[in-house]
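Biologist: Could we go through the sheet of this protein together? Please begin with the terms.

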Amino acid sequence: MGVFEGVRKACAPAVWSRGIELVRAEAVIGERADASEAVLRISTKGGMIARTVTLFLEDGAWECTCGATACEHAAAAVIALKRANESGLALPSPSGPVGTIAYRFLRVPGGLAIERGVRTGEGFHAFETTLAAMASWPWAPTGAGRSRGRSRGSS
Ligand SMILES: [Zn+2]
């Protein structure tokens, strides 16, 4: 597997072991893969930052959106891909069983909005959602806040 060896040789040992840590933390998501190219997304900092690594399997080349030639993202990508190949299990995908639907609050002008996404391990991957779609959700911010507490039940 040319690209695996290539990344491994290019990475300093410390960078390589950070890649292993990312794989252990389930930070690697498989976006797509075919015979010649694999695209993986690696989230770091608890999902706040996501890097996309493209592996050119036939050329033994790779690139990462962080801009570094050899980085822990590329290391994590090749390690995760190798493990997936060896175990016969597919990489976790954004819609795969590893992720769970999750929501988080966002502060927006005029109140709070809810962002929907997929949580995998420590990562949160927001769905790309238009503001219009968000506004149509029943829990979208409205001027009138819901009254606090339940009305007093009698019994
Ligand atoms: Zn990178």
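Modeller: Two strands pair if DSSP finds at least two bridges between them. Strands (E, at least two residues) and helices (H or I, at least four) are DSSP runs, numbered from the N terminus. This is a predicted model, in which local features need pLDDT of at least 70 and side-chain atom pairs count only at pLDDT 80 or more, while totals for chains, interfaces and linings use all residues. Residues are numbered from 1 along each chain as its sequence is written, and side-chain values use heavy atoms, with hydrogens and water left out.

Biologist: How many bridges join strand 2 to strand 3?

Modeller: Eight bridges join strand 2 to strand 3 (residues 49–56), and the two run antiparallel. Glu 37 has Phe 56 as its bridge partner in strand 3, and Ala 38 stands opposite Leu 55.

Biologist: And what joins strand 1 to strand 2?

Modeller: A hairpin through three residues. Five bridges link these antiparallel strands, and Ala 33 stands opposite Ala 38.

Biologist: What is the order of the strands in the open sheet?

Modeller: The order is 1-2-3-4, with antiparallel pairing. Strand 1 and strand 4 (61–64) stand at the edges with a single partner strand each, so one side of each has no neighbour in the sheet.

Biologist: Is strand 2 mostly covered or mostly open?

Modeller: Mostly covered: seven of the eight residues of strand 2 (residues 37–44) are buried. Buried means under 20% relative accessible area, exposed over 50%, and partly exposed in between (1.4 Å probe, protein chains only).

Biologist: Turning to Gly 123, why does this residue count as buried?

Modeller: Because its relative accessibility is 7%. Gly 123 lies in strand 7 (residues 123–126).
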